[in-house]
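Let's take a walk through this one together. Have the sequence and the model open side by side.

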Amino acid sequence: MPTQTGQPDRTKRSDRRPTIDDVARAAGVSRGTVSRVLNGGHWVSPDSLAAVNAAIRKTGYRINPHARSLATARAGSVAFLLTESQDRLFEDPNFAVLMRGASNALAEQDISLVMLLAGNDAERRRATNFITGGHVDGVLMISSHASHKRLISDLVHAKVPAISIGVPLGLERKIGHIAVEDRAGAADAVAYLQSIGRTRIATIAGSQDTGGGMARLAGYKEQVGKVDPALIAEGDYTKESGAAATRMLLQRAPDLDAIFAANDLMAAGALQVLAEQGRSVPGDVAVVGFDDSSVAMTTTPKLTTMRQPFDRVSREVVRLLLEVIDGQAPASMSLPLELVIRESA
């Protein structure tokens, strides 16, 4: 019985959390009737509705979020799926920026963000099982590699709502995505270096099994025109790979006078090696990065770079995913970049 304060009387009950069955017994109705009341009261008579609501107050029943998610086919959460190693997660500041932005955008809709790593076969298997098991309503895929096409294909086959940040190579027509104008941005970076008189412009390309890596290398080649293979080296977006690529470039083309790196971390590695070898920046070699991540402000000298609109990317990718979750056809979009001129070029 309720107390005089209107609160449920718990003195005669154990500490066990009341269940739907308890409510059904107290109301004298079926378990299904209670479930229908909890999910909107459709097809429930006024008398039964009143009895169930009274029983809820009497028993002190609280809705179990998991049970509610089963009834509504919504988990109330979205996966942030990163197909990279744990080391990359903590080294590359872009992932944290995107994750924070997506989490904030989802929080406005009262949706949680679940972080999943899929950097190796075991992680990809576990991530696929978790996602297809109905634990999330959709997936934001980050850093999609062509070599991980099977993972994306499995999600598409399972009809899991998903949007990729970056072009999902080989599956562009199967899944929506949001990207930046990588090719045009790379061409603009090289054009700027040409405008300040640089003629031997090298590039440290990103991984060529990613859409961004391929597009940025294509933009470089397009703007340079006659391509010298000695001026092209490939990294994997880490600072260490940028340093290794720079050593290789200096051995093959010691007369280079500029480097365009496909991300800021590789540009930071280039700056480190140039300093070690006594090359002044930008005097001897001008350096331009890509992203305008937090790294760009910590290098010496500060990095000239192509700015990605990470805040807008985060908001738009969440918007596109929620549209797919609500049953709309997947959409794709591309956002422009901005050259930020600092000390390195």
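What follows is a short tour of a few strands and their neighbours.

This is a predicted model, in which local features need pLDDT of at least 70 and side-chain atom pairs count only at pLDDT 80 or more, while totals for chains, interfaces and linings use all residues. Residues are numbered from 1 along each chain as its sequence is written, and side-chain values use heavy atoms, with hydrogens and water left out.

Start at I165, which sits in strand β4 (residues 162-165); strands here are DSSP E runs of at least two residues and helices are H or I runs of at least four, numbered from the N terminus. I165 is buried, at 16% relative accessible area, where buried means under 20%, with a 1.4 Å probe and protein chains only. I165 and H177 lie 12 residues apart in sequence, with their C-alpha atoms 5.7 Å apart in space.

Now hop over to strand β6 (residues 201-205), where five of five residues are buried. Side chains in a regular strand alternate between the two faces of the sheet. In β6, I201, T203 and A205 point one way, A202 and I204 the other, and all are buried.

Who are β6's partners? Strands count as paired if DSSP finds at least two bridges between them. β6 pairs in parallel with β8 (residues 258-261) over four bridges, and T203 has F260 as its bridge partner there. β6 also pairs in parallel with β7 (residues 232-234), over three bridges, with I204 opposite A233. From β6 the chain crosses through helix α10 (residues 211-224) to β7, a right-handed β-α-β crossover: with the strands pointing away from the viewer, the path from the first strand over the helix to the second runs clockwise.

Methods
Buried < 20%, exposed > 50% of the residue type's maximum accessible area, 1.4 Å probe, protein only.
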